[in-house]
Amino acid sequence: MKTNDFICGVIEGYYGRPWSFNQRKTLFEYCLKFGLNTYVYAPKDDAKHRSRWRDLYSYEESIELNQLILVAKRYGIKFVYALSPGLDMIYSSEKDLNALKRKFDQLSNCGCEHWALLFDDIENEMSSQDQTHFTSFAHAQVTVTNEIYEYLNKPNLLLFCPTQYCSRMAKPSLETSSYLQTIGNGLHPDIDIFWTGPKIVSQRITVSHILSVNNVLQRRVTIWDNLNANDYDQRRLYLGPFSGRSSNLSSRLSGMLINPNCEFELNFIPCHTLGQWFQSLRINESRDQIDDHDDDDDDDDEDNLPITQIYQTNKALDQALIDWLPEFNKIKSANDSHQNIKYDHSPQEMSPKPAVSILNLDDDSQDSISESQISTTSSTKIHIMDCDGIGNSNELTVDDIRLLVELFYLPYEHGPSTQQMFVDFYWLRYNYSKNEKLDEWRCRALSFHDRVKSINRLVQRLTTIHNRSLLYDVYNYITDISSTISLCSRYLYWLDNEQKRSQVFLSGDVEPGSKRGGLAGDFLNILPVGDFQSLLKPDLTTLSNIFLIRPMTSNDQISMSALCTRICYEDEINNLLNQHSDILADKMIGGYLSSLSNHFPLCFAVDNTEDELCAFVLTIIESEKYDKFMQSNWITQLHQKYPNIDQNFFQSNEYSQWIYERYPVRIQLFVDLIIQTHHAYFLGNKLLNIISNQLIQQGYHSCHALIDERNSLLYQYYLRLGFISISNIEQNDHMILVGKQF
């Protein structure tokens with residue numbers, strides 16, 4: 001029988017090497033210590049969980065699962081076994097249904113009492129066999145899940161993961177998705193449903209969002225939280241605290257489960273801070289349940305009342321850092337056996353050798369450069385890992401661990417100190433001048449070099465820790481960022497050196513280590529990603545106003561139309577917009593969106609910190625062809641859509657042939673008016689740089705833009721971005737042409 005206990009804990013649901021038995025046992029110890037109550041077994045690359053889900057576990061494997069379940073029960077942890085049959089299941093097949101039941105029977109014999117069926121990350125089309133039995137894909141999943149629920153005698157906990165498990169996946173939208181509506185209406189009300197939030201990796205999950213989801217799915221959902229998941233990028237790691245989820249969510253949810261980093265040893269902070277978040281919920285619930293005291297009660301009783309606790313991310317992180325420090329000082333080898341030890345302060349060497357700069361690429365750099373390099377020998381360029389660690393007096397501190405966490409913080413934000421470091425390097429990179437502010441530049445450069453040295457010291461200290469399992473989990477990540485930032489430091493030395501002698505910068509002949517990525521990097525250099533799909537911070541004096549530039553998708557069209565209408569609004573068409581809210585966007589960008597369907601080459605969207613569209617740019621590579629389409633097709637469609645509107649409202653422009661020949665590409669920028677002016681110029685320049693680099697590779701060296709002559713601010717905006725007015729042509733319908741060469 002189902003209870004309403006709030007489940008909170010960890011789901012091992014990533015792609016990659018599954019955790020070991022000992023690691024899971026350690027996780028249960030953490031859960032007990034942190035106050036977490038649930039573990040979900042769902043490693044994507046356990047073949048018998050997903051790709052070969054029909055196969056039963058061997059005798060040895062079932063014994064290990066049985067032992068794992070017993071350990072979980074001993075620690076008071078709900079062990080949830082998840083099966084993911086969606087890759088090739090025939091939902092109407094009695095044979096496949098029986099295979100599901102046999103698998104669950106085997107786990108039930110191992111002592112499992114809690115279950116999950118996962119249909120995530122699969123194709124959303126039914127087989128021809130299923131199409132004759134079910135009205136929809138969702139109907140097929142509902143039927144199978146409900147039957148399993150009955151077969152398991154209506155267990156206390158059965159979790160279901162839908163194929164559309166976040167708002168971004170919901171088609172056409174969360175509120176109108178027929179798939180989600182069928183799931184919500186059809187699943188037994190006591191079956192819980194996983195949900196990841198607005199996105200697969202959600203920066204924030206708000207109460208209003210969850211209320212909307214619950215309304216569609218007709219129950220309180222359980223969050224599958226991917227905030228610290230790193231299986232989608234081999235160079236990313238997220239050690240930051242649980243954040244972006246209000247404590248007020250708890251009464252609207254059935255549970256909160258984090259799917260953390262693949263590297264087990266590096267999940268201490270996410271788990272610890274999740275436990276603190278959960279603890280704050282329980283303290284507040286206990287407070288709410290206390291009855292009012294009678295007037296004749298002793299006054300001393302009030303001292304024992306729990307104090308309402310609010311989860312504060314920074315304080316939670318501070319406590320977690322303190323508690324994580326001892327974990328670095330446990331003897332723990334690569335096969336994860338461990339015991340507590342006392343410090344050994346004997347001055348013996350450690351391996352791997354603590355070289356600070358992994359990239360020793362510039363052998364004949366200046367003396368000032370060599371001062372920033374610390375290595376064991378002049379010829380050492382790689383580290384050889386040694387599995388036996390011996391004590392060293394160069395011990396890690398809490399501040400060291402804080403720096404480690406801030407270097408690998410969260411998907412949408414860097415740690416405060418490392419973000420400031422990035423901002424400083426950005427300023428140093430583009431503000432070097434021998435004639436202006438050179439003293440300020442050198443002062444800031446010196447500060448940057450000092451912080452680089454602190455990162456190198458961190459690497460040095462990490463290589464001496466007794467917990468070799470933890471070291472090996474973090475080693476590639478920390479040496480990669482250390483060598484990259486060291487290279488940045490060396491670049492600044494090189495920039496301030498008149499001789500500019502280097503084997504790295506502008507040499508044309510560099511070692512492979514200075515250009516990361518291998519074949520994957522070469523492919524990414526071709527795609528419109530990488531250079532711009534990152535956190536951009538135009539204001540170098542604060543840490544706010546971060547923007548994310550990304551490729552435009554068809555899902556952006558509604559937001560684009562709304563933003564276009566706000567930007568291009570004019571008082572004289574107010575009545576027209578009241579009658580037809582989309583008419584201005586249809587006129588300005590509708591033809592372009594219609595002509596390209598769902599493919600938008602060299603078109604980019606800009607999101608602000610609220611994950612809202614605040615700018616976008618349209619690139620029309622063949623503007624002449626597009627204008628002909630407007631005349632022959634789109635204008636006609638607009639007249640049909642708006643038959644009562646003056647046809648002159650949709651009049652398009654015609655330009656001389658030499659315009660198309662000299663400035664063939666059209667670029668139209670749309671930037672929200674609420675963005676501060678200097679931020680708008682920053683974004684405009686960044687977008688134009690991205691697009692111009694791509695256009696140059698395609699053989700284009702100029703572009704033009706159309707501006708309403710009544711919009712003087714927009715005209716000045718384009719001029720500041722390097723456009724020039726093309727005044728020697730006939731102007732049409734209050735439009736001004738501006739051009740730019742690159």
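## Hairpin and neighbouring strands

Asp 611 takes a positive phi near 60 degrees in the hairpin of strand 13 and strand 14, which has five residues between the strands. The model is predicted: local features need pLDDT of at least 70, side-chain atom pairs count only at pLDDT 80 or more, and totals for chains, interfaces and linings use all residues. Residues are numbered from 1 along each chain as its sequence is written, and side-chain values use heavy atoms, with hydrogens and water left out.

Helices (H or I, at least four residues) and strands (E, at least two) are DSSP runs numbered from the N terminus. Two strands pair if DSSP finds at least two bridges between them.

| Pair | Bridges | Direction | Example of bridge partners |
|---|---|---|---|
| Strand 13 (residues 604–607) and strand 14 | four | antiparallel | Phe 604 and Val 617 |
| Strand 14 and strand 15 (residues 665–671) | six | antiparallel | Thr 619 and Ile 667 |

Strand 14 covers residues 613–620, and eight of the eight are buried, so this strand is largely enclosed by the rest of the structure. Buried means under 20% relative accessible area, exposed means over 50%, and partly exposed lies in between (1.4 Å probe, protein chains only).

Ala 82 is placed in strand 3 and is buried, with a relative accessible area of 0%. Leaving aside residues up to four places away in sequence, Ala 82 touches Val 40, Tyr 41, Ala 42, His 49, Ala 116 and Leu 118; contact means heavy atoms within 4.5 Å. The C-alpha atoms of Ala 82 and His 49 are 7.3 Å apart, while the two residues are 33 residues apart in sequence.

The loop between strand 3 (78–83) and helix 3 (94–109) contains Ser 93. Ser 93 is buried at a relative accessible area of 14%. A polar atom of the Ser 93 side chain lies 3.1 Å from the backbone nitrogen of Asp 96.

## Helices 11 and 12

Helix 11 (residues 398–407) packs against helix 12 (residues 416–430) at an angle of about 60 degrees, with the axes 7 Å apart. Axes are lines fitted to C-alpha atoms over the stretch in contact, and angles run from 0 to 180 degrees between N-to-C directions. The two helices are therefore oblique to each other: angles under 35 degrees count as roughly parallel, over 145 as roughly antiparallel, 65 to 115 as roughly perpendicular and the rest as oblique. Helix 11 contributes Leu 403, Glu 406 and Leu 407 to the contact, and helix 12 contributes Pro 416, Ser 417 and Thr 418.

How values were computed
Polar contact = N/O pair within 3.5 Å; in protein donor to acceptor, adjacent residues only side chain to side chain.
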